[in-house]
Amino acid sequence: MRLPLRLLPIALVPLLAGGCVAKTAWNVATAPVRVGSQVVDWTTTSQDEADRNAGRKLRKQQAEEERQRRKEEKQARKDAERLQRDQPY
């Protein structure tokens, strides 16, 4: 008769835990799948991300070309002014 009274608290733990044990078991069982899908997400590039990266790269390239063009124009103006100054009348 003593044995069933000792087992009663142990038997009530899952009921009192409110599904915590089942939820934990589910989380442990599904963790490898979630981790695997996260790794795949990190290692692949979606089309949206690829488009965004291509646009960013293009804008960066255009900005660099514009800076280079301005620099060359400035140098050409300086050269023209120097040539004009150095020419005898």
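The model is a predicted one, so local features need pLDDT of at least 70 and side-chain atom pairs count only at pLDDT 80 or more, while totals for chains, interfaces and linings use all residues. Residues are numbered from 1 along each chain as its sequence is written, and side-chain values use heavy atoms, with hydrogens and water left out.

As for the fold, the protein chain has three helices and zero strands, running α-α-α from the N terminus on. Helices (H or I, at least four residues) and strands (E, at least two) are DSSP runs, numbered from the N terminus. Confidence is given as pLDDT, the predictor's own score for each residue, from 0 to 100. The protein chain averages 84 on this scale, and 81% of the residues score at least 70. Helix H1 (residues 2-16) has the lowest confidence, at a mean of 67, whereas H3 has the highest, at 95. Where pLDDT is low, the predicted coordinates should not be read in detail.

Next come the charged pairs. Side chains of opposite charge can pair when their charged atoms come close. A salt bridge is taken here as a side-chain nitrogen of Lys or Arg within 4 Å of a carboxyl oxygen of Asp or Glu, and by this rule the count comes to six. One of them links Arg 67 with Glu 64, with 2.9 Å between the closest N and O atoms. These two sit three residues apart in helix H3 (residues 47-86), so about one helical turn separates them. Arg 67 is partly exposed at 45% relative accessible area, and Glu 64 is partly exposed too, at 41%.

Glu 66 and Arg 70 also form a salt bridge, their closest N and O atoms being 3.5 Å apart. Here the spacing in helix H3 is four residues, which again means about one helical turn. Glu 66 counts as partly exposed at 28% relative accessibility, as does Arg 70 at 48%.

Arg 82 pairs with Asp 79 in a salt bridge whose closest N and O atoms are 3.6 Å apart. Both lie in helix H3, three residues apart, so the separation is about one helical turn. Arg 82 is partly exposed at 40%, and so is Asp 79 at 30%. Salt bridges that share partners join Glu 66, Arg 69, Arg 70 and Glu 73 into one network.

Away from the charges, Val 35, Val 39 and Trp 42 form a nonpolar patch on the surface, with about 340 Å² of accessible area together. Patches are made of residues with over 30% relative accessible area and no salt bridge, where like charges are joined within 9 Å and nonpolar side chains (Val, Leu, Ile, Met, Phe, Trp, Tyr) within 5 Å. Val 35 has its place in helix H2 (residues 20-43).

How values were computed
Buried < 20%, exposed > 50% of the residue type's maximum accessible area, 1.4 Å probe, protein only. Areas by Shrake-Rupley, 256 points an atom, 1.4 Å probe, with all protein chains shown as cover.
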